[in-house]
Amino acid sequence: MRIAISGKSGCGNTTVSTLVAGHLGYALINFTFRNLAKERNVDFWEFCSMAEQDDSIDRELDERQVAMAMAQQNCVLGSRLAIWMLIEADLKVYLTASAEVRAERIHMREGGSPARRLQETLERDANDTARYRRIYGIDNSDTSIADMVIDTEAHTPQEIAALIVARIRSMESGQP
C-alpha cells in the first residue's frame with residue numbers, strides 16, 4: 001500500500017507522514033527541497049529562489065520522490081505534490097491549515113520573527129502555486145483529487161495519524 005500525504009508548508013506533512021509510517025511499519029519517503037539544498041550545500045531560501053528560475057529542480061525532486069515510493073511495496077510519501085505525483089497511491093491525503101497557523105508552526109520550529117514567518121509563508125505559497133501551475137498544470141489548492149482532506153487546526157498530529165491509519169485499516173479489511 002502506498003499512501004501520499006500533501007499540504008502546504010507548515011500543515012504537518014512531515015510530522016503526520018512520520019507518525020503514519022511508524023504506526024504501519026511502512027517506509028517513510030520525505031525527500032524535500034531542504035534535502036536537495038543540503039545535498040548541493042546551498043542555503044534553503046537561496047535554493048527556493050533558484051527553483052523559481054530553474055524548473056529542473058522541481059522535476060528532479062518530484063521524480064526522485066516517485067522513484068523512491070515505487071521502489072517500496074508499502075510506503076508513506078509526504079510532499080507538497082505527493083497526491084498529484086504518486087498516481088499509484090492507494091490513499092491520497094491532503095492536510096490543510098490557515099496561513100497564520102502554518103506560519104506560527106514554522107516560527108515555533110525555526111524561530112525568527114512571527115511577522116516575518118507569516119510573510120515568508122504567504123510568499124512561499126504564492127511562489128509554489130505559480131510554479132506548480134507553470135511546470136505541471138497543478139493547482140495545489142484544489143483538493144478534489146484527495147481521498148481525505150483533514151484540517152490540521154482541528155486535530156493533533158497523533159489524531160490526524162490515527163484518522164489516516166483507521167482509513168487504511170478499513171481499506172485493508174474491505175470496508176468502505
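Helices H3 and H7 run roughly parallel to each other, because the angle between them is under 35 degrees. That angle is about 30 degrees, and the two axes are 10 Å apart. Keep in mind that this is a predicted model.

**Where H3 meets H7**

- H3 covers residues 44–53, while H7 covers residues 114–136.
- Their crossing is left-handed.
- On the H3 side, the contact is made by Phe44, Trp45, Ala51 and Glu52.
- On the H7 side, the partners are Arg117, Glu120, Arg124, Asn127, Arg131 and Arg134.
- Trp45, found in helix H3, touches Arg117, Glu120 and Arg124, leaving aside residues up to four places away in sequence.
- Arg117, a residue of helix H7, counts as buried because its relative accessibility is 11%, and the cut-off for buried is under 20%.
- Leaving aside residues up to four places away in sequence, Arg117 touches Trp45, Ala103, Ile106, His107, Glu110, Gly111 and Gly112.

**Other helix pairs**

- H3 also packs against helix H4 (residues 55–70): their axes come within 5 Å and cross at roughly 105 degrees.
- The H6 and H7 crossing is right-handed.
- From H6, the residues that meet H7 are Ala99, Glu100, Arg102, Ala103, Ile106, His107 and Glu110.
- From H7, the residues that meet H6 are Pro114, Arg117, Leu118, Thr121, Leu122 and Asp125.

**Aromatic rings**

- A pair of aromatic rings is described by how far apart the centres are and by the angle of the planes.
- With ring centres within 6.5 Å as the limit for a pair, the count comes to three aromatic pairs.
- One of them is Phe44 with Trp45, an edge-to-face pair at 5.0 Å centre to centre, with 70 degrees between the planes.
- Phe44 counts as buried because its relative accessibility is 10%.
- Trp45 counts as partly exposed, because its relative accessibility is 32%.
- Trp84 and Tyr94 form another edge-to-face pair, at 6.0 Å centre to centre and with 80 degrees between the planes.
- This second pair links distant parts of the chain: Trp84 is in helix H5 (residues 82–85) and Tyr94 is in strand E4 (residues 91–96), 10 residues apart.
- Trp84 and Tyr94 are both buried.

**Arg34 and its surroundings**

- What sits over the ring of Phe44? The charged end of Arg34 does, 3.8 Å from the ring centre.
- Arg34 and Trp45 are 11 residues apart in sequence, and their C-alpha atoms are 9.1 Å apart in space.

- Ala4 lies in strand E1, which covers residues 2–7.
- With 0% relative accessibility, Ala4 counts as buried.
- Leaving aside residues up to four places away in sequence, Ala4 touches Leu77, Ala82, Ile83, Leu86, Ala89, Leu91, Lys92 and Val93.
- Ala4 and Ala69 are 65 residues apart in sequence, and 9.3 Å apart in space from C-alpha to C-alpha.

**A positive phi in a loop**

- Most residues other than glycine have a negative phi.
- Asn41, though not a glycine, has a positive phi, near 55 degrees.
- Asn41 lies in the loop between helix H2 (33–39) and H3.
- Is Asn41 buried or exposed? Asn41 counts as exposed, because its relative accessibility is 73% and the cut-off for exposed is over 50%.

Conventions. Residues are numbered from 1 along each chain as its sequence is written. This is a predicted model: local features need pLDDT of at least 70, side-chain atom pairs count only at pLDDT 80 or more; totals for chains, interfaces and linings use all residues. Side-chain values use heavy atoms; hydrogens and water are left out. Rings of Phe, Tyr and Trp (its six-membered ring) pair if their centres lie within 6.5 Å; planes under 30 degrees apart count as stacked, over 60 as edge-to-face and the rest as tilted. Buried means under 20% relative accessible area, exposed over 50%, partly exposed in between (1.4 Å probe, protein chains only). Helices (H or I, at least four residues) and strands (E, at least two) are DSSP runs, numbered from the N terminus. A charge sits over a ring if NZ of Lys or CZ of Arg is within 6 Å of the ring centre and within 35 degrees of the ring normal. Axes are lines fitted to C-alpha atoms, for helices over the stretch in contact, and angles run from 0 to 180 degrees between N-to-C directions. Angles under 35 degrees count as roughly parallel, over 145 as roughly antiparallel, 65 to 115 as roughly perpendicular and the rest as oblique. A crossing is left-handed if the near helix is turned anticlockwise from the far one by less than a right angle, and right-handed if clockwise. Contact means heavy atoms within 4.5 Å.
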